[in-house]
Amino acid sequence: MYRNTPTGYGRIAIFFHWTMALLIIGMLAFGLYLKQLPQTDPNLFQLYQLHKSFGFVVLALAAFRLIWRLTNPSPKLPSDMPAFEKLAAHLGHIGLYFLIFAMPITGWFMVSASPWGIPTVVFNVLPIPHLPYPEALGTKEQAEAFFMILHEYGAYLLIALVVVHIAAALKHHFIAKDDTLKRMTSTKPAQNALESHSEKAKA
């Protein structure tokens, strides 16, 4: 089962979810680590290049994941979930998608506006061109500072949304005891639901 169904996620959606979850959590932790390093650290340049490289990996995966989601609608939420929880879930997912794109893009703009003019070469193989930044932001230093603020506070907001997302998943699994978490870890709940639906239809 590679595609999503009304009752569960397919293998491709599950792959995207967990691969990106690991990358994003790793990137957030990596970014916090870089922030506390002194500017004199001899490894700082290579570490930033690595951070940028994985940022472009996240951006590419996010684009593919969005395309896949648009062509494979997500399963329906549990029918007994309160309306306000459904609204919160939808808003939370929109916020996560927005920030998953916003983080690498603001980082790209920040590097592009930097007066240092340091090139970005993904994993020392693929060169990435700089983006033109709006002249209304002022000098390169001012533009870099603007995108740096967006990137930094976007990271804090993304951390908060990830924590809420994990808490909601655990709440569904341990308190509501539904299949919300299970269907993102295995295709079996969806297969069982489809088989049950098929048997009811035959009856």
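Me: Take Ile166 first. Which helix does Ile166 lie in?
Reply: Ile166 lies in helix H4. Keep in mind that this is a predicted model.

Me: Is Ile166 buried, partly exposed or exposed?
Reply: Buried means under 20% relative accessible area, and exposed means over 50%. Ile166 has 41% relative accessibility, so it counts as partly exposed.

Me: Which residues make the nonpolar surface patch?
Reply: Ile166 is one of them, together with Ile25, Leu170, Phe174 and Ile175. The patch covers about 500 Å².

Me: Which helix gives the most to the nonpolar patch?
Reply: Helix H4, residues 140–176. It gives 4 residues.

Me: What about the other end of the accessibility scale? Is Ala143 buried or exposed?
Reply: Ala143 is found in helix H4 as well. Its relative accessible area is 0%, so Ala143 is buried.

Me: Which residues is Ala143 in contact with, leaving aside neighbours within four places in sequence?
Reply: Ala113, Tyr133 and Leu137. There is also a C-alpha distance to read here. Ala143 and Val111 are 32 residues apart along the chain, and their C-alpha atoms are separated by 10.0 Å.

Me: Is the crossing left-handed or right-handed?
Reply: Left-handed: that is how H2 passes H3.

Me: Which residues in H2 and H3 meet?
Reply: From H2, the list includes Lys52, Gly55, Phe56, Val58, Leu59 and Leu66. From H3, it includes His93, Tyr97, Ile100, Phe101, Trp108 and Val111.

Me: What does Gln49 touch, not counting residues up to four places away in sequence?
Reply: Gln49 touches Ile118, Pro119, Thr120 and Val121.

Me: Now the stretch after H2. Where does Leu77 lie?
Reply: Leu77 lies in the loop between H2 and H3. At 24% relative accessibility, Leu77 counts as partly exposed.

Me: Which residues does Leu77 touch, not counting those up to four places away in sequence?
Reply: Lys86, Ala89, His90 and Arg183. Compare the chain separation with the distance for another pair. Leu77 and Thr7 are 70 residues apart along the chain, with their C-alpha atoms separated by 8.5 Å.

Me: Next, charges. How do I read a salt bridge?
Reply: Side chains of opposite charge can pair when their charged atoms come close. A search of the whole structure finds 2 salt bridges.

Me: What does Lys35 form a salt bridge with?
Reply: Glu152. The closest N and O atoms are 3.2 Å apart. Lys35 lies in helix H1, residues 11–36, and Glu152 in helix H4, so the pair ties together parts that are 117 residues apart in sequence.

Me: Which residue does Lys171 meet in a salt bridge?
Reply: Glu85, with 3.2 Å from N to O. This pair also links distant parts of the chain: Lys171 is in helix H4 and Glu85 in helix H3, 86 residues apart. Lys171 is partly exposed, with a relative accessible area of 29%.

Me: Step back. How many helices and strands does the protein have?
Reply: It has 5 helices and 2 strands. Read along the sequence, the pattern is α-α-α-β-β-α-α.

Me: What does the C-alpha trace span along its principal axes?
Reply: About 70 × 35 × 35 Å.

Me: How do I read burial and surface for the whole protein?
Reply: Look at two values. Buried residues make up 34% of the 203 residues. The protein exposes about 12800 Å², and carbon and sulfur atoms supply 71% of that area.

Me: And the contacts across the chain?
Reply: Take contacts between residues at least 6 apart in sequence. Of these, 70% join residues at least 24 apart.

Definitions and conventions
Residues numbered from 1 in each chain as written. Predicted model: local features only at pLDDT ≥ 70, side-chain atom pairs only at ≥ 80, totals over all residues. Heavy atoms only, no water. Patch = residues over 30% accessible without salt bridge, like charges linked within 9 Å, V, L, I, M, F, W, Y side chains within 5 Å. Areas by Shrake-Rupley, 256 points an atom, 1.4 Å probe, with all protein chains shown as cover. Salt bridge = Lys/Arg side-chain N within 4 Å of Asp/Glu carboxyl O. Buried < 20%, exposed > 50% of the residue type's maximum accessible area, 1.4 Å probe, protein only. Left-handed = near helix turned anticlockwise from the far one by under 90°. Contact = heavy atoms within 4.5 Å.
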